[in-house]
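Me: I'm new to this one and would like to learn how to read it. Could you walk me through it step by step?

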2 protein chains.
Amino acid sequence: MERPVRVGVIGGGFVGSALVELLNDPERHEALVDAATAPLELVGVAVRDLSKSRRGIDSALLTTDVEKLIDSDLDVLVEVAGGVESARTYIESALKRGVSVVTANKALMADSGTQLAQLAHEHEADLFYEAAVGGAIPILRALRSSLAGERIERVMGIVNGTTNYILTQMTREGSDYASALAEAQALGFAEADPTADVEGFDAAAKVQILSTLAFGTRLSGDEIAREGITGVRDVDVEFARRSGYVIKLLGVAERVGPFGVSRRVHPAMIPSSHPLATVNGAMNAVFVEGVKSGPLMWLGQGAGGAPTATAVLGDLLDAARNRISGRHDVPFSGDLSLRYVDAGELPSAFYLSVDVLDRPGVLAVVAGVFGRHDVSIRSMEQAGFGDEARLSFLTHHALQLNVSATVTELTALDSVDSVSACIRVIDASFE
Amino acid sequence: MERPVRVGVIGGGFVGSALVELLNDPERHEALVDAATAPLELVGVAVRDLSKSRRGIDSALLTTDVEKLIDSDLDVLVEVAGGVESARTYIESALKRGVSVVTANKALMADSGTQLAQLAHEHEADLFYEAAVGGAIPILRALRSSLAGERIERVMGIVNGTTNYILTQMTREGSDYASALAEAQALGFAEADPTADVEGFDAAAKVQILSTLAFGTRLSGDEIAREGITGVRDVDVEFARRSGYVIKLLGVAERVGPFGVSRRVHPAMIPSSHPLATVNGAMNAVFVEGVKSGPLMWLGQGAGGAPTATAVLGDLLDAARNRISGRHDVPFSGDLSLRYVDAGELPSAFYLSVDVLDRPGVLAVVAGVFGRHDVSIRSMEQAGFGDEARLSFLTHHALQLNVSATVTELTALDSVDSVSACIRVIDASFE
C-alpha cells in the first residue's frame with residue numbers, strides 16, 4: 001500500500017462538509033483508494049469560527065490556523081471557503097511549498113487562473129478547479145484532457161443557475177421578471193443583492209475560465225460583452241414560446257477567423273427542440289463545438305453543496321494520483337495571437353419588440369428603417385392596444401451593429417414609443 | 001524535450017485515417033505535444049490491403065505485418081480495425097509486451113474488457129477504449145476519473161445511432177418502421193443486415209461496458225434484457241407525440257437495492273421536455289445519476305470517422321502522458337457482490353396498445369384484467385375502425401411481471417385481437 005495522501009481543507013460550509021462526508025463514507029472507501037491509488041488522509045479543516053457546529057466533521061480536525069494547516073506536510077490543499085484575496089494568499093502559499101491545490105473559487109480563477117497555473121507548474125504542483133464552472137459537470141477536465149488534441153470552435157453554456165431558475169419560472173408560470181426574482185430570493189436561489197447573477201457577472205467569470213481552457217486565450221476578464229436578464233419581459237418570454245423558442249442566458253466564447261475570439265454573455269432565444277432549451281431550473285449545461293468531434297454537450301447540477309463536492313473530489317483524486325506517481329499536469333501554452341472581437345462585427349438573427357403609435361403607414365416606416373440598415377425581416381407579428389401597437393420582429397442573420405443602428409433610428413422616430421426588446425436568436429440545430 | 005512516444009496504428013479505414021490526419025495537423029502540433037507531454041511519433045499503420053489508397057497516410061508507413069509493428073518498440077498501439085478475434089490477438093500481444101493499447105473495439109471490450117484490463121495492469125500498461133461507447137462523447141473517462149469517487153445509481157443512454165436515426169425519422173415524417181429503415185440503409189446509417197442495431201445487440205454491448213465501469217459489475221454480457229425497435233409502429237410514435245412523449249431506444253443499467261443491478265435495452269417513451277428527447281438523428285447521449293452529483297448528461301456524435309478519432313486521440317494523449325511519467329492507470333476493483341436482477345421485479349409506467357372487437361362491454365372486460373393484475377390505468381384513448389377499435393392505455397407505475405401477465409390474459413380474450421404494443425414510459429424530470 002502506498003503512503004497516505006495528506007489533504008487539508010479550507011472551508012467548512014456546505015461544500016466542505018459534503019466533501020468530508022464523501023471522504024468518510026465507508027461504502028466508498030475502497031473505490032476512493034483505488035481511484036487515488038493511495039488512502040486519503042484528512043489532516044485538518046480550517047474554518048473561521050470554531051464554535052459553529054459542522055455536520056460530519058470531527059471537531060478535532062477543525063482549526064483556525066490556515067498557515068499552520070498548509071505547513072503540515074500537505075500533499076493537496078482544498079480551498080472551498082470563497083473570497084478572493086484571502087484565498088489567493090492561501091493558494092499561493094500552498095503552491096510555493098509545492099502543495100497541489102484544488103479550488104472551487106470561480107472569481108479567483110477567472111481573475112488569476114493563468115498566473116496561478118504557472119506558479120503551480122514552477123513548483124511542480126497541480127492546480128485544479130473543476131467546481132468553478134458548471135458545478136458537478138466535469139467540463140474543465142474534458143477540455144484539458146479528452147479534448148486536448150481537438151481544435152475547439154465554440155463553447156456556449158447556461159452557466160448561471162439563478163438566472164436560469166428565474167427564466168424557467170417566467171416561461172412556466174408566465175410571471176414577470178420582478179416576481180420571478182422575488183420567488184427565487186424567497187427560495188434561496190437568488191441573493192438579496194442579485195446583481196452578480198442577473199447582470200451576468202457570474203456567467204462572464206465562467207466564460208473567462210472556459211475561454212482560457214478551450215482556446216488558450218490570455219484576454220482580460222473585461223473583454224467580455226455582458227448583458228443580463230433584467231430587461232427580459234414576460235411578453236418576450238411569451239412571444240418566444242409562441243414562436244417555438246425559449247429564452248436563456250448564454251455565456252459564449254467562439255473563434256472568429258484565424259486570430260479572433262468573441263466572448264459574451266446575453267439572453268438568447270433558443271429553439272425548444274435544442275437540448276439547451278430543456279435545461280431548466282438551477283441546472284447548468286455547456287455545449288462545445290470541435291472541428292472533428294462535432295457538437296458535444298454536458299448537463300448537470302450547477303450548484304449545491306453535494307454536487308459541487310463531487311467535482312472537488314474528482315479533482316482531489318486526480319491530484320492525489322499525480323502526487324503518488326510524482327508528476328503534475330502541465331498547463332497548456334496560451335495562444336497570445338488571439339484577440340478579442342467585438343460582437344458588433346458578428347452576424348446573428350434577432351428578435352425585436354417595437355412599441356409604436358397605431359396609425360396608418362407606421363409599419364411601412366418601421367420596415368423601411370430595417371431595410372436601410374440591411375436587416376432583413378423573417379416574420380412580424382402585430383398586437384394592438386388602443387392607440388398603441390406592439391410589433392414583434394424576427395430577423396434573418398444581420399450584423400449586430402446594423403441591428404443596433406436600426407434600434408437607434410427606430411427609437412428616434414416620432415411614431416415609435418420605444419424598442420423594448422432586442423434579443424439574439426440562435427437557430428443552430430443539434431445533430 | 002522528452003523522447004517521442006512511439007505510436008502504431010492497426011486500421012487504415014475512416015477512423016484510422018482521421019486519426020492520422022489529427023496527428024499530422026500542423027496547427028495542432030504544439031497543443032498535442034503539450035497534452036502528451038512529448039512529441040508523438042507515428043511508427044506505422046497496419047492495413048490488410050497495401051494497394052488501397054489511404055487519404056492522408058504516408059505510404060511509407062503502411063504495412064501488413066501487424067506483429068512486426070507491435071514489436072517495433074512501441075509505447076502505444078491504437079487498434080481501430082474492428083473484428084473480435086484478430087483484434088484480441090493483437091491487443092493481447094501488445095499488452096504482454098507492456099505496450100499500452102487504445103481501441104475503439106466495442107464488441108471485444110464488451111466481451112473481454114475486464115480480463116484485458118487485468119492483463120494490461122499485470123504488464124504495467126494502459127488499456128483505454130473511450131470510442132467504444134458514444135463515439136466522441138468522453139463518458140468513459142468521466143466514469144473512471146471525474147466520477148471515480150461517486151456512487152452511481154443509474155446509467156441510461158441513447159447509445160445506438162442507427163435506431164435513433166430510424167425513430168427520429170418515424171417521429172418527424174410519420175413514416176413506418178420499414179420505410180424509415182430502408183431510408184437509413186440507403187443513406188448509410190444502417191447496414192444491409194441491420195440486426196445488430198435494430199434488435200439492440202449493439203446497445204447491449206455498450207450497456208455491458210458502461211455497467212462494468214459505473215458499478216464494477218462482473219456480469220456476463222448475456223445478463224442484459226434486450227428488446228429492439230422492430231415492433232415499434234408508426235401509430236405508437238404518433239400516440240407518444242400526442243401525449244407529449246417521444247420513443248427512443250434506451251440502454252439502462254441501474255442499481256436495485258444493495259446487491260442488485262438491472263441491465264436492459266428497450267424502447268421507451270420519454271417526455272418531450274427531457275434532454276434525452278432532444279437527441280435526434282445519429283446523435284448519442286448518456287445520462288448518469290450519482291447519489292451526490294445528481295443527474296448528469298453527455299451528448300454528442302455517436303459515430304463517424306472524425307468524431308470517433310477525437311475520442312481515440314483523447315485516449316492516446318492520456319496513454320502517452322502515462323508512458324512519459326512511467327505510470328499506468330489502475331483498473332477499479334470489481335464489485336462481485338452485485339447480481340443481475342430481472343426487469344420483471346421493477347416498477348415502471350407503461351403504454352399498451354390493445355386491438356379489440358368494438359362491441360358493448362369490451363372496455364369493462366379489458367379494464368378488469370388490468371385491475372386484477374394490480375396495474376392501475378392513468379389514461380385511455382379509444383379509436384374506432386369499423387368493427388374493431390384500438391385502445392391506447394398509459395398506466396401508473398406497476399411491476400413489469402404484472403404488466404406481462406396482463407398482456408398474456410388480454411391476448412387470450414375472445415374480444416381482444418392482439419396487444420400490439422407494450423412500451424415503458426419514463427417520467428423522470430431533469431432538474
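Reply: Happy to! Let's begin with a term we will need: two strands count as paired if DSSP finds at least two bridges between them. Strands of a sheet pair through backbone hydrogen bonds, either parallel or antiparallel. Keep in mind that this is a predicted model.

Me: In which sense do β12(A) and β12(B) pair, parallel or antiparallel?

Reply: Strand β12 of chain B, residues 294-301, and β12(A) pair in the antiparallel sense, with five bridges between them.

Me: How many residues does each chain bring to the contact?

Reply: Chain A gives 55 residues and chain B gives 55 residues. On the side of chain A that touches chain B, at least two residues each come from α1 (14-24), α2 (29-36), α6 (139-144), β11 (283-290), β12 (294-301) and α12 (305-324) of chain A. Sorted by class, that side of chain A holds 26 nonpolar, 18 polar and 11 charged residues.

Me: Now a sheet inside one chain. What is the strand order of the open sheet of six strands in chain B?

Reply: Reading across the sheet, the order is β3-β2-β1-β4-β5-β6 in chain B, and the pairing is parallel. At the edges stand β3 (62-63) and β6 (127-128) of chain B; each has a single partner strand, so one side of each lacks a neighbour in the sheet. Take β3(B): two bridges join this strand to β2 of chain B (residues 40-46), and the two run parallel. T63(B) in β3(B) is the bridge partner of A46(B).

Me: Which helix packs on that sheet?

Reply: That is α12 of chain B, residues 305-324, which touches β1 (5-10), β2, β4 (76-79), β5 (100-103) and β6 of chain B. The direction of α12 makes about 170° with that of β5(B).

Me: And two helices together? At what angle do α5 and α10 of chain B pack?

Reply: Helix α5 (residues 106-122) and helix α10 (residues 201-215) of chain B pack at about 40°, and their axes are 8 Å apart. From α5(B), the contact uses K106(B), A107(B), M109(B), A110(B), G113(B) and T114(B), while α10(B) contributes A205(B), K206(B), Q208(B), I209(B) and T212(B). By class, this contact has five nonpolar, four polar and two charged residues.

Note on methods. Residues numbered from 1 in each chain as written. Chains lettered and ligands numbered in written order. Predicted model: local features only at pLDDT ≥ 70, side-chain atom pairs only at ≥ 80, totals over all residues. Helix = DSSP H or I, 4+ residues; strand = E, 2+ residues; numbered from the N terminus. Contact = placed C-beta atoms within 7 Å. Axes fitted to C-alpha atoms, helices over the stretch in contact; angles between N-to-C directions. Nonpolar A, V, L, I, M, F, W, Y, C, P; charged D, E, K, R; others polar.
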